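Dear colleague,

Please find the sequence and the structure below. My notes on them follow.

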Amino acid sequence: MEIKNIATELSTNSYPGRGIILGKSQNGKNAVVAYFIMGRSVNSRNRIFEKNERGGIRTKAFDESKMEDPHLIIYNPVLKLDGKTIVTNGDQTDTIYDFMQEGHCYRHALLTREYEDDAPNYTPRISGVVKENGDYVLSILKSNMGKPQCLRFFFEYPAEAGLGHFLHTYKCDGNPIPSFEGEPTPVAVETNDIDEWTDMIWANLNEDNKVSLFTRFINLETGAEETRIINKNK
C-alpha cells in the first residue's frame, strides 16, 4: 500500500467522522497517538475533551443546557491500563479496559460489541491499543454494506519509525454516511515534536465539522508522556 500524507488525507475529506492515528515518531523514540471527533448536528458539536482519572480523556457537554441525548456522545475515548493506551470512538473503551483488566485481550472484548445503534448510518466502532513497546492494534466493527449485520476486522502492526496508520469511521460525508472501507491507511509520521503533530492535524480538519483533538507522545524508553488537547468550544 502507498504511504499517504496525513494532512492531505484530512484536508481532502470534509467528514471522516471520528478518527484514530497510531504510529511512531520519525526518530523512533516515541509512540504517537491522535484521536479526533467531528460533528454535523448541534448535539455532536456541543462537546469538549477533558482529562479523566484513568490516564486518558472523557467527552463532556460544553453547554449542558444544549445536550439532547448523551447516548453515543459521552464516553471515555482514551484510558490507560498497565502501560497500554486504549483509544476508541465510544464506550467500548471501557469494555476493552474491563476485559484486559481480567486478563483477556482486546479481541475478546470487541467480540461482545458491534457497530453503533444509529440506523441508517450504523456508525462503525473503531478501536486501537498501543502496547508498551510501541506496537499497536486497530479494529473496526461495521455494518455489512449498510445492512444490520456486524463485520469485525482486526489489524496488528509492529511499530516502525516514521510510520503510522489512520482509521476513521466514515469514508466521506453523505446521507446516510458511508462507513470506512478497506484497511487502515498507512501514513507518514514526519515529526518528533508533539506540538507540530497536533497543529498539523488540527489545521487540516474541516473547519466547520471539527470538534476536539487529543494527541499524545509516549517515550518508549522511559514511558513518559506528553499530551495535548484542543477543543473548538471554549
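Leaving aside residues up to four places away in sequence, Gly55 touches Lys80 and Arg216 in this predicted model. Gly55 sits in the loop that runs between strand S3 (47–51) and strand S4 (57–61). Its relative accessible area is 33%, a value between the 20% and 50% limits, so Gly55 is classed as partly exposed. Gly55 and Ser65 are 10 residues apart along the chain, and 28 Å separates their C-alpha atoms.

The largest pocket holds about 420 Å³ of space. Its lining is made up of 22 residues, and those nearest the centre are Arg18, Ser41, Ser44, Ile73 and Asp118. Sorted by class, this lining of the largest pocket comprises nine polar, seven charged and six nonpolar residues.

In the second largest pocket there is about 180 Å³ of space. Ser143, Asn144, Met145, Gly146 and Ser179 are the closest to its centre among the 13 residues that line the second largest pocket. Which strand gives the most to this lining? Strand S8 (residues 136–144) does, with three residues. By class, the lining of the second largest pocket has six nonpolar residues, five polar and two charged.

With kind regards

Note on methods. Residues are numbered from 1 along each chain as its sequence is written. This is a predicted model: local features need pLDDT of at least 70, side-chain atom pairs count only at pLDDT 80 or more; totals for chains, interfaces and linings use all residues. Side-chain values use heavy atoms; hydrogens and water are left out. Helices (H or I, at least four residues) and strands (E, at least two) are DSSP runs, numbered from the N terminus. Buried means under 20% relative accessible area, exposed over 50%, partly exposed in between (1.4 Å probe, protein chains only). Contact means heavy atoms within 4.5 Å. On a 1 Å grid over the protein atoms alone, a cavity is a set of points where a 1.4 Å probe fits but cannot get out, and a pocket is an open set with protein on both sides within 12 Å along at least five of seven lines; lining residues have an atom within 4 Å of a point. Grid points are joined across faces, edges and corners, and a volume is the space filled by probe spheres set on the points. Ala, Val, Leu, Ile, Met, Phe, Trp, Tyr, Cys and Pro count as nonpolar, Asp, Glu, Lys and Arg as charged, and the others, Gly among them, as polar.
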